[in-house]
Amino acid sequence: MKSKDDGLAWSDNLWTGPDSLQFRDIHGLGQSKAVAMSIGTGESSQIFLTADGGASWTRSYVMTHPEGFLDCIDFWDDMTGVAYGDSFDGYPFILRTVDGGAS
């Protein structure tokens with residue numbers, strides 16, 4: 001669902017990507033740009049980016065470690081952000097983006 005008027009009205013924005021993903025976090029970066037994160041072990045943890053208000057999504061990250069599990073995302077501004085995940089191999093897992101989630 002998407003609102004352009006502080007939640008007074010909502011439009012149905014149907015997800016057309018993989019249907020087995022569980023989304024936990026989304027961060028809006030303006031009226032038409034957002035970054036969404038799915039959760040799960042290994043390749044179920046993914047990050048997607050839209051630049052057209054959710055009409056289309058591009059996958060920008062897929063967890064490659066079989067024990068990896070993303071937990072949350074946050075941004076300081078429209079370009080700089082982090083994704084944090086469960087630790088594995090004795091180290092915390094942190095991703096950093098400086099291009100608005102494109103990489």
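Lys4 is exposed, with a relative accessible area of 66% (exposed means over 50%, buried under 20%, and partly exposed in between, using a 1.4 Å probe and protein chains only). This is a predicted model, in which local features need pLDDT of at least 70, side-chain atom pairs count only at pLDDT 80 or more, and totals for chains, interfaces and linings use all residues. Residues are numbered from 1 along each chain as its sequence is written, and side-chain values use heavy atoms, with hydrogens and water left out.

**Overall build**

- The protein has zero helices and seven strands, giving the pattern β-β-β-β-β-β-β along the sequence; helices (H or I, at least four residues) and strands (E, at least two) are DSSP runs, numbered from the N terminus.
- With a radius of gyration of 14 Å, close to the 13 Å from the globule rule for 103 residues, the protein is as compact as a globular protein of that length (the radius is taken over C-alpha atoms, and the rule is 2.2 Å times the number of residues to the power 0.38).
- The C-alpha trace spans about 45 × 30 × 20 Å along its principal axes.
- Of the 103 residues, 35% count as buried.

- Lys4 sits in the segment before strand 1, and its C-alpha atom is 30 Å from that of Gly85, which is 81 residues away along the chain.
- Ser32 belongs to the loop between strand 1 (22-28) and strand 2 (34-39), and it is partly exposed at 36% relative accessibility.
- Leaving aside residues up to four places away in sequence, Ser32 touches Thr50, Ala51, Asp52 and Gly53 (contact means heavy atoms within 4.5 Å).
- The C-alpha atoms of Ser32 and Thr50 are 7.3 Å apart, although 18 residues separate them along the chain.

**The second largest pocket**

- This pocket is lined by 14 residues, with Ile47, Leu95, Thr97, Gly101 and Ser103 nearest its centre (on a 1 Å grid over the protein atoms alone, a pocket is an open set of points where a 1.4 Å probe fits, with protein on both sides within 12 Å along at least five of seven lines; lining residues have an atom within 4 Å of a point).
- Strand 4 (58-62), strand 5 (70-75), strand 6 (81-88) and strand 7 (91-97) are the elements that give two or more residues to the lining.
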